[in-house]
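This briefing is an introduction to selected features of one protein structure. Please keep the sequence and the model in view while reading.

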Amino acid sequence: MIFVTVGSMFPFDRLIAAMDQWAAGLGQSRGEVLAQIGAGSLEPCHMRWVRRLERAEFARTVAGADLVVAHAGMGSVITAGEYGKPIVLLPRRAAAGEHTNDHQIDTAGWLRRRPGIYVADAEQISAPASPRPWPAAPRARASGPRPRRISSPGCAVSPSADPPLAYRCDPG
Amino acid sequence: MKVMVACSAGGHWVQMRRILPAFDGMELVFVGVEPKLDGDLGAVRYYQVGNVTRKNPLAVPGILGRLVTVLWSERPDMVVTTGAAPGLLALVVGKVLCRSRTVWINSIANTEKLSLSGRMARPVSDAWLVQWEHLSRPEGPHFWGAVL
């Protein structure tokens with residue numbers, strides 16, 4: 001299961017739109033994506049979704065996920081880390097009205113070298129050639145390539161690669 | 001000693017949870033913006049206040065009024081916050097109304113500079129802290145460690 005979360009403070013429609021577009025290519029695997037959308041104006045068409053989760057529910061959801069995709073908020077980062085879950089971060093931008101300042105960009109810059117944390121600097125999604133089965137969740141590793149974009153499951157996936165990654169992402 | 005823990009939700013609260021063991025053996029009361037406190041903290045007193053950010057500054061007077069009521073009732077010896085604005089307001093009320101000792105802990109998410117609330121917390125903080133050593137200064141803010 002992939003858990004998408006925008007955190008507890010502000011909406012983040014850019015993230016939800018990107019993940020909804022990505023989930024559209026999953027076919028019958030759509031139920032494997034759950035999005036917590038906050039007060040966002042975009043209600044997903046291709047993902048299960050809720051607006052908010054209480055802290056205990058949030059923790060249980062992270063614990064049950066194979067991958068977390070989140071804004072670059074410390075609540076999401078710390079909770080994913082406490083449960084050993086890999087996390088993809090899309091930082092909020094103040095210029096887009098997504099936060100009051102750009103500290104999430106700074107946060108992502110600090111975190112991008114940490115094991116199990118992957119920073120998406122943009123939300124472009126490449127369309128899948130065909131849907132694939134879900135990859136196994138990776139084990140945390142001390143080092144590994146840092147993906148810059150989230151690709152679809154149509155890209156090659158190698159759970160046993162060194163280091164194992166849930167998704168191979170475009171290098172560009 | 002009675003310690004009031006006051007902070008926003010999300011990352012501010014998650015960081016505060018990691019700091020709570022520092023207050024073992026003390027009486028804790030909580031102030032937050034969520035409808036209820038985490039269930040695993042047991043039967044402790046929790047007060048919900050409204051949330052305030054730069055996006056809704058007109059909420060400040062109402063939240064200040066609520067905090068005055070809460071702190072007048074509890075009279076904590078110490079008020080501790082990891083931010084953001086609701087925590088700053090709790091420090092203000094604690095310092096002015098109760099002469100509480102006050103602790104500001106800037107979020108670890110602020111890696112390059114203090115948050116706005118953090119800068120504003122200086123005159124009302126007995127301990128004015130950051131979680132990045134490169135942000136600390138001899139005159140404050142000080143670095144006493146980090147949650148990660």
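The points below concern backbone geometry, one tyrosine and its surroundings, and the nonpolar cores. The model is predicted. In chain B, the peptide bond from Gly83(B) to Ala84(B) is cis, and Tyr47(B) lies in strand 3. The largest nonpolar core has 69 residues.

**Cis peptide bonds**

- The bond from Gly83(B) to Ala84(B) is cis, with an omega angle near -5°. Ala84(B) belongs to the loop that runs between strand 4 (78-81) and helix 3 (85-98) of chain B.
- Gly140(B) and Pro141(B) are also joined by a cis peptide bond, for which omega is about 0°. Pro141(B) is located in the loop between strand 6 (127-130) and strand 7 (142-143) of chain B.

**Positive phi angles**

- Arg75(B), a residue other than glycine, has a positive phi near 45°. Its place is the loop between helix 2 (60-74) and strand 4 of chain B. Arg75(B) counts as partly exposed because its relative accessibility is 40%, a value between the limits of 20% and 50%.
- Arg99(B), likewise not a glycine, has a positive phi near 50°. This arginine, Arg99(B), sits in the loop between helix 3 and strand 5 (101-105) of chain B. The relative accessible area of Arg99(B) is 72%, so the residue is exposed.

- Tyr47(B) and Phe30(B) are 17 residues apart along the chain, yet their C-alpha atoms are separated by 6.2 Å.
- Beyond its neighbours within four places in sequence, Tyr47(B) is in contact with several residues, including Phe30(B), Val31(B), Arg66(B) and Val70(B).
- Glu74(B) is another of these contacts, and the side chains of Tyr47(B) and Glu74(B) are joined by a polar contact of 2.4 Å.

- In soluble globular proteins, nonpolar side chains tend to be buried together.
- Within the largest nonpolar core, of 69 residues, Phe3(A) and Leu67(B) have the most contacts. Helix 3 of chain B contributes the largest share of this core, namely seven residues.
- Which residues does Leu67(B) touch, not counting residues up to four places away in sequence? They are Val31(B), Val49(B), Pro86(B), Leu89(B), Ala90(B) and Val93(B).

Technical notes. Residues numbered from 1 in each chain as written. Chains lettered and ligands numbered in written order. Predicted model: local features only at pLDDT ≥ 70, side-chain atom pairs only at ≥ 80, totals over all residues. Heavy atoms only, no water. Helix = DSSP H or I, 4+ residues; strand = E, 2+ residues; numbered from the N terminus. Buried < 20%, exposed > 50% of the residue type's maximum accessible area, 1.4 Å probe, protein only. Contact = heavy atoms within 4.5 Å. Polar contact = N/O pair within 3.5 Å; in protein donor to acceptor, adjacent residues only side chain to side chain. Core = buried A, V, L, I, M, F, W, Y, C linked by side-chain atoms within 4.5 Å.
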